[in-house]
Amino acid sequence: MDFNRINWKKTFITAGIPLIILVVLAFFPLYGWQYGVTLFNHFLLFVILSVAWTIFSGTTGYISLATAAFFGIGIYAAALLYPSVGDRYPLYVVVLIGAGVSFVLAFIVGAITLRLRGIYFAMFTFGLVLFFREIIYWYEITVKGIRGRFVYQDPANVNNNVYYYLLVIMALTMLVAYLIKRSKYGLALQGIGENEEAAAHMGVNITMVKVLTYAVSASFMGAVGAVMATKWVYVDPGVAFNPMMSFSPVLMAIFGGFGSIYGPVIGAVIFSYIEEVLTTANWFGIDWTQFYKVIFGAILVATILFLPSGLVSLIQNVWRRVMGRRRASA
Amino acid sequence: MDLFLNIVLGGLLIGGIYSLVAMGLSLQYGVARVLNIAHGEFLMFGAFITFWLQQNNVDPLLTIVIVGPFMFVVGFVLYRTIFTTIRLKSPNPGVFESNGLLAAFGIYLIVQNIARLVPDWGSTPHSYQYLASAVIIGGAPFQENRLVAAAFAVAVGIIFYIYIGRSRTGKAIRAAAQDASTAALMGVNISNTLALCFGFGAAMAGVAGSLISICYPINTVMGLQYTVIAIVVVTLGGLGSIPGSFIGGFILGVVGTAVSYTKWLGTDLAVPSYYLIFILLLLLRPKGLFGK
């Protein structure tokens, strides 16, 4: 390896800054600010979901509305294999199983729908959450005679445990997103997004690429679901398969802009913070939870109308204009 | 025999309403090119307007005359403002479809949560009594209100189908469904025609909601389920085929009722059974029963 040819500045930006941020985040809980850790758990959850969503839907343009389905599968993996009473597997095994089951399910869903036109995929994934919710309700109530389940919670510092699990999953998600983007695969995905027929003629096995990428992105959603179940303790199908969990990552990714990896991250942090503030707010004695969703919808429509390529591209455009002017005057 | 009659007739009765809901979505997707995820929310809103008027002593069947045009205007305005802007900004139809879907999704959130904010609506179920006496058909009792609701749903569907087939506007709609840009070149005011379709779709959802409120309890979160049903029916009948949606609605109604009546399965499995149909359809015949 020729060290002289490495562009140090570029390496620092692509590898150094994320590493520094990761290290800072890793030491964050030691500071002892418990509310901050809770808040960051919330951020990390949505960052993972929206980056994972972007891995597939951002590049190919196939809109997946099934995030909540895979997330819920992960939650139920934890509910079955990590219950509060009885035998349980170690948590990392449960997380891996959640990811694996989501991977397989997404693979099946993709194999059924992704060889067809994009609209079938959107239609199919939209109802998937409802499908799982009803079928699990039926199984639990008719066969098992229960409604919900209890997940084991390690009494020693739950918050930090969840935090570290989420942090590792987030780092992996970002890494995979980055590697896919850089690889031959990423180029194939981008080709599919721009012109699927042309990509097929160039020799890309389009169905395989789409189905595999979809399954990879779903496995992160499953993993994060298994972790969050240990935080929530009680889960039932209504909690696990909540359609909002499908919709939020989409809005966050679009608002941030899914042209880059940082877009969804910024969108997720902004929106989960707004959500956290509004759902806990008690201004003027009004419950703001519903208002949050109305605002959420309004911002989604406004973003589609006025900012279709997201906040990051807006910032980049402004930045380029500012920099360009300075250079021109020099 | 009684059970069989119960399933078939009961299925056809609810199927009439499914047909109407699906016809609305078929217009919105087949012609106006918006996969309207908020479709069920229009239905929910229609149901609640009827409920509210009924509480103020208006005959529920009369409210259709109010709900239909109101929803039409809402749909028309939404399309002319939001979706037309997106359509004109989109570089190709694919981008319009996905952005339209996402905008519809924003509308879904807005409508549903505004409905939940209305003080008396909340998240608890509401119902009222209307024509609740039973009619015996072939030995099986049916509530009068279900018969009336199904008859109205089918009547609205048929009237609309005739309107599309015979009128000048209907001709424009059919032309736009085949090829929007060529229709525009032939002198069809395309933005208006597409908005009309979207408005008609919303009106059908609203009317279906009114009819549902006559026979079943309603709540603010019921919309999603009907959107899923409409999506499955529209795929079953073939995207954009109005007679297909009409027949698909009846098929789904019978299947759902059969599952609900079967021992061990029950109402909870109705939606999963629709999904099973959806999966089989995508595997075997993705273009639907009547698709071209």
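This is a predicted model: local features need pLDDT of at least 70, side-chain atom pairs count only at pLDDT 80 or more; totals for chains, interfaces and linings use all residues.
Figure 1. The axes of α3(B) and α4(B) come within 9 Å of each other and cross at roughly 145 degrees, and the crossing is right-handed. Two packed helices are described in general by the angle between their axes together with the distance between those axes. On the α3(B) side the residues that meet the partner helix are B:L78, B:I82, B:F83, B:I86 and B:R87, while α4(B) contributes B:F96, B:N99, B:G100, B:A103 and B:I107. Sorted by class, the residues of this contact of α3(B) with α4(B) comprise 7 nonpolar, 2 polar and 1 charged.

**Figure 2. The side of chain B that touches chain A.** The contact takes 38 residues from chain B and 35 residues from chain A. On the chain B side, the elements that give two or more residues are α3 (63-89), α4 (93-117), α9 (223-237) and α11 (270-284) of chain B. The largest share of that side, 16 residues, comes from α4(B), a helix that also crosses α3(B) at roughly 145 degrees. By class, the side of chain B that touches chain A has 26 nonpolar, 9 polar and 3 charged residues.

**Figure 3. The buried face of helix α7 in chain A.** Helix α7 of chain A covers residues 184-194, and within this helix A:A188, A:L189 and A:I192 are buried. Seen down the axis of α7(A), the buried residues fall within an arc of 100 degrees, so they line one face of the helix. An α-helix has 3.6 residues a turn, so residues three or four places apart point the same way.

Figure 4. Chain A contains 14 helices and 2 strands, and along its principal axes the C-alpha trace spans about 75 × 50 × 50 Å. A compact globule with 330 residues would have a radius of gyration near 20 Å, and chain A, at 21 Å, agrees with this. Of the 330 residues of chain A, 45% count as buried, among them A:A188, A:L189 and A:I192 in α7. When contacts in chain A with a separation of 6 or more are considered, residues 24 or more positions apart account for 78%.

Methods:
Residues are numbered from 1 along each chain as its sequence is written. Chains are lettered from A and ligands numbered from 1 in the order in which they are written. Helices (H or I, at least four residues) and strands (E, at least two) are DSSP runs, numbered from the N terminus. The radius of gyration is taken over C-alpha atoms; the globule rule is 2.2 Å times the number of residues to the power 0.38. A residue is buried if 20 or more other C-beta atoms lie within 10 Å of its own, exposed if 12 or fewer, and partly exposed in between; C-beta atoms are placed from the backbone. Two residues are in contact if their C-beta atoms, placed from the backbone, lie within 7 Å. The arc is that of the directions from the helix axis to the C-beta atoms. Ala, Val, Leu, Ile, Met, Phe, Trp, Tyr, Cys and Pro count as nonpolar, Asp, Glu, Lys and Arg as charged, and the others, Gly among them, as polar. Axes are lines fitted to C-alpha atoms, for helices over the stretch in contact, and angles run from 0 to 180 degrees between N-to-C directions. A crossing is left-handed if the near helix is turned anticlockwise from the far one by less than a right angle, and right-handed if clockwise.
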